[in-house]
Amino acid sequence: MSTVKTPAPLKPIKTPKKAAQAPRAPRAAPKRKKGKKQQSRLPFWIGVGVVAAIGLLVLYVEFFREKEQPIWPEGHSPLGNTILGIDVSKYQRKIHWEKVRDNDVSFAFIKATEGVKLQDSHYERNWEGTQEVGIIRGAYHFYRPNVSPEEQARNFIQTVVLQPGDLPPVLDVEVRGKQPLNHFRGDIKEWLVHVERAYGVKPIIYTGYSFYKDYLEGFFDEYTLWIAHYNVKELQMQRTDRALLSFWQHTDRGVIEGIRGPVDCNIFYGTRKDILKLCIQPKETTQTAKTQR
């Protein structure tokens, strides 16, 4: 009997192991072509900003900021024996009157009253301050055309006590109102008459140049005039028998040591002897405000 030989088992074929791959090196960034170095524009814009700021400052100073005016107009100064003065109210706040006097101010008009009830809150302080330092003083009333001239006169008389050496009372007329012109003038005359009776001296009329020409010229010839007219070298008026011009308010932007901010400045047409003659004399003080209370 034949014997069948069993074939030997096949040996598994070994698969060769793959060699470990080395890690890839990172690719280098592509090199940029060298060009011109870019300069920062920041300094340029800073320069533009500075130039613009300077331009705005120049415009502000030139067109918007109130410019300080010379204290006294050309041709009028203490060296030329011109009598110089100011007028003030609460808007000048606390005033150092000694410093004001030392800046060649010889007289001062002080706001006392307005309308029928108002008294200036700084009147008494200014009234006493001028007397203490030897400045010739005067008091004024701001006139309101829409209320009783008699009651306005009473407001002034009850507030202001005048003494020999003081300037006559002043009526400040700047507002026209809606009254007929003859009525308006008649009311002004009524205030003037009441006040003259109280103090024994004719009041002074203050007003603007154009206002005087339009409404008052020729109707109050017997009263001393104080005229405001700005930005002119000389007041376009002369003292005549029909215009008793004595004071010119030439600016509302004067600068004087002792006063913070701008102040109205005036000149008197005459000598110191003349202004003292204009002041209330002892024989004229037959009545004072106290006797009217």
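**Exercise 1. Find what covers the buried residues of helix H3, and where on the helix they lie.**

Begin with the cover: strand E1 (83-88), helix H2 (97-102), strand E2 (107-114), strand E4 (136-142) and helix H4 (149-159) are among the elements over the buried residues of H3. Contact here means heavy atoms within 4.5 Å, while helices (H or I, at least four residues) and strands (E, at least two) are DSSP runs, numbered from the N terminus.

A word on the model before going on: it is predicted, so local features need pLDDT of at least 70 and side-chain atom pairs count only at pLDDT 80 or more, whereas totals for chains, interfaces and linings use all residues. Residues are numbered from 1 along each chain as its sequence is written, and side-chain values use heavy atoms, leaving out hydrogens and water.

Next, list the buried residues of H3 (residues 123-133): Tyr123, Asn126, Trp127, Gly129, Thr130 and Val133. They lie on the same side of H3, because they cover an arc of only 170 degrees around the axis; the arc is that of the directions from the helix axis to the C-beta atoms. Buried means under 20% relative accessible area, exposed over 50%, and partly exposed in between (1.4 Å probe, protein chains only).

Now turn to the other side of H3, where Glu124 and Glu132 are exposed. Finally, look just past the helix: Gly134 has a positive phi of about 85 degrees.

**Exercise 2. Work out how H5 packs against H6.**

Start with the angle: H5 and helix H6 (residues 209-216) pack at about 110 degrees, their axes 11 Å apart. H5 is therefore roughly perpendicular to H6. Axes are lines fitted to C-alpha atoms, for helices over the stretch in contact, and angles run from 0 to 180 degrees between N-to-C directions. Angles under 35 degrees count as roughly parallel, over 145 as roughly antiparallel, 65 to 115 as roughly perpendicular and the rest as oblique.

Then pick out the partners: Leu181, Phe184, Arg185 and Ile188 of H5 meet Phe211, Asp214, Tyr215 and Leu216 of H6. By class, the contact has six nonpolar residues, no polar and two charged. Ala, Val, Leu, Ile, Met, Phe, Trp, Tyr, Cys and Pro count as nonpolar, Asp, Glu, Lys and Arg as charged, and the others, Gly among them, as polar.
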